[in-house]
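Hi there,

Here is the structure I promised to pass on. Have a look at it first, and my notes on what turned up follow below.

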Amino acid sequence: MTSQTPTPRTDYGHDLQFGTFHTPTNQQPQQAVTLAQLSEAAGLDLVTFQDHPYQPGFLDTWTLLSYVAARTERVHLAPNVANLPLRQPAVLARSAASLDLLSNGRVELGLGTGAFWDAMVAMGADRLTPGESVRALQEAIAVIRGIWAAGDTSVLRVDGEFHHVVGAKRGPAPAHDMGIWLGAYKPRMLRVTGRLADGWLPSEGYLKSDDDLRVGNEIIDEAADGAGRDPRDIRRLLNISPPRGGTDAWVERLAELALGHGIGTFILAVDDPDAIQVFGQEVAPAVRELVDAERQSADTQVSPAVTPGAAPESDADGQIVSTTEPGGPAPAAQAQYDRLGVHPTPDDGTRLGDSMPWDESTRPRRAKSGPEVTYTARGAQMGKHLIDVHDMLRDELAQVRSIIDQVKASTLDVGSARTSLNEMTMKQNNWTLGAYCSRYCTTVTSHHSLEDTSVFPHLRSAEKELTPVLDRLEQEHIVIHDVIESVDRALVQFVSTPDDFTALDDAVNALSDTLLSHLSYEEDQLVEPLARVGFYRGQA
């Protein structure tokens with residue numbers, strides 16, 4: 001693929017990822033497994049396999065993915081792409097979520113409408129026109145997301161033209177926010193990608209020129225804007241072939257695709273162990289370094305410093321609130337989270353109970369970073385990850401309230417309610433940030449393993465002044481654990497006094513007050529440091 005006309009630069013700022021695309025041949029059934037392990041050992045982030053269920057010379061892709069998940073530890077896995085006409089969407093949703101749970105959050109879901117219709121029809125699929133295939137895909141995405149929405153208590157109903165789900169039980173939810181990536185080329189599919197998907201996954205060999213990437217991005221971005229979505233939330237992936245020329249030419253080519261066309265994930269179609277080694281240990285680090293340097297240079301050019309001698313205005317907390325003059329150096333005069341581009345969830349002060357188990361006024365606070373501190377797109381992503389984890393816990397709090405409402409309405413028995421509570425992440429984990437990140441951080445950083453490193457010790461080591469804050473957060477973790485236990489005790493008490501909701505309401509209100517207060521405090525204190533030093537040594 002060669003560029004024919006100059007195109008405007010489009011960089012979505014995505015953290016770069018690198019992966020492989022292996023042939024699932026069954027003549028040597030262990031070959032694909034060995035190649036996946038080599039990809040992981042080479043430091044790559046992702047391993048994918050094509051999905052052609054009608055191909056007798058291939059292993060079944062979902063069986064292979066499951067086997068490879070058990071033989072690897074860090075690398076993410078995905079079908080590239082799943083053949084939707086031969087993969088019933090409700091079953092596919094449960095298969096993907098189950099494997100994600102078993103692999104500790106390492107599965108993504110590539111989807112395609114299929115291309116070889118004679119072979120698919122021979123396997124039992126109904127032949128569809130291109131327009132029907134697109135409509136069927138949209139219905140399938142609704143089914144898949146509906147199955148994954150385990151916390152939604154409403155009836156799951158997708159009464160589509162091609163896919164029907166009426167009253168199916170939801171769940172399980174994936175272990176992480178699993179991405180749905182679409183193999184798309186034509187405008188209708190590209191618009192679906194912008195409205196509904198998490199990633200665009202074309203193959204370089206099917207594109208006529210780089211201009212196809214520009215046009216595809218424009219269609220996706222326009223559709224995303226129309227759906228009220230941020231186009232940057234849609235990852236741009238590309239299946240590539242080993243290029244001609246040496247490593248330097250390869251690095252320059254991929255860097256240009258990242259900076260000029262927004263490609264954030266490069267997936268190399270390769271079954272050669274030597275090429276895997278070069279791609280993971282030479283090409284990927286060099287591309288990351290080049291792209292990071294270009295991004296930092298661009299940030300410097302658009303972010304002038306404070307005018308010498310000008311004193312920015314501050315609020316009572318010492319936070320900069322205005323510039324020296326209209327049109328002046330805004331980036332330097334912005335609050336730290338405005339400059340970072342990520343904002344912690346504020347505590348609106350609402351309290352449902354009469355008292356709190358701690359005095360919020362005694363919470364220690366770190367010193368805010370000044371305008372001389374700059375942030376990268378990668379740093380913003382690291383900071384946002386803590387908010388994403390907390391949003392999951394906020395969703396679980398809403399689930400707790402829904403469960404209690406069902407108990408009070410006699411539509412759910414106490415035993416089932418206690419089981420649901422015990423299965424929640426907020427109950428299973430030991431209330432250290434490290435426990436959350438051992439499960440979820442790999443989703444954001446992808447190409448790194450947290451191993452047994454916990455986050456708080458890293459932060460203590462990286463920033464000594466955070467110690468009082470971290471001590472306080474750990475103390476509050478213990479308190480919240482006790483509050484969660486009180487909800488369980490209130491459910492047990494409710495059995496003997498089914499007409500008295502007082503203890504149950506008090507316990508859930510206390511959980512809401514303490515959890516929401518704590519999460520806001522933690523975000524306010526840690527999102528900015530995490531954006532600078534990361535969750536573990538070497539990440540930033």
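Let me begin with a helix pair: H3 passes H5 in a right-handed crossing (right-handed if the near helix is turned clockwise from the far one by less than a right angle, left-handed if anticlockwise). Before going further, please keep in mind that this is a predicted model, in which local features need pLDDT of at least 70 and side-chain atom pairs count only at pLDDT 80 or more, while totals for chains, interfaces and linings use all residues. Residues are numbered from 1 along each chain as its sequence is written, and side-chain values use heavy atoms, with hydrogens and water left out. Helices (H or I, at least four residues) and strands (E, at least two) are DSSP runs, numbered from the N terminus.

Back to that pair. The axes of H3 (residues 89-102) and H5 come within 8 Å and cross at roughly 45°; axes here are lines fitted to C-alpha atoms, for helices over the stretch in contact, and angles run from 0 to 180 degrees between N-to-C directions. On the H3 side, the contact (heavy atoms within 4.5 Å) is made by Pro 89, Ala 90, Leu 92, Ala 93, Arg 94, Ala 96 and Ala 97. H5 brings Ala 140, Val 143, Ile 144, Ile 147 and Trp 148. Sorted by type, the residues of this contact are eleven nonpolar, no polar and one charged (Ala, Val, Leu, Ile, Met, Phe, Trp, Tyr, Cys and Pro count as nonpolar, Asp, Glu, Lys and Arg as charged, and the others, Gly among them, as polar).

Next come H6 and H7, which pack at an angle of about 45° with their axes 7 Å apart. That makes H6 oblique to H7. In this contact, H6 supplies Pro 187, Leu 190, Arg 191, Thr 193, Gly 194 and Arg 195, and H7 supplies Gly 216, Ile 219, Ile 220, Ala 223 and Ala 224. These residues divide into six nonpolar, three polar and two charged.

H6 (187-196) and H7 (210-226) also matter for my next item, as each supplies at least two residues of the lining of the second largest pocket. So do strand S4 (82-83), helix H5 (130-148) and strand S10 (235-240). The pocket has a volume of about 1200 Å³. On a 1 Å grid over the protein atoms alone, a pocket is an open set of points where a 1.4 Å probe fits, with protein on both sides within 12 Å along at least five of seven lines, and lining residues have an atom within 4 Å of a point. Grid points are joined across faces, edges and corners, and the volume is the space filled by probe spheres set on them. Which residues lie nearest its centre? Of the 44 lining residues, they are Ala 115, Gly 183, Ala 184, Tyr 185 and Tyr 206. The lining has 23 nonpolar, 15 polar and six charged residues.

Finally, some backbone details. Most residues other than glycine have a negative phi, and most peptide bonds are trans. Here, a cis peptide bond joins Asn 80 and Val 81, with omega about 0°; Val 81 lies in the loop between strand S3 (76-79) and S4. Another cis bond joins Gly 171 and Pro 172. Asn 104 has a positive phi of about 65° although it is not a glycine.

Best wishes

Conventions: Parallel < 35°, antiparallel > 145°, perpendicular 65-115°, else oblique.
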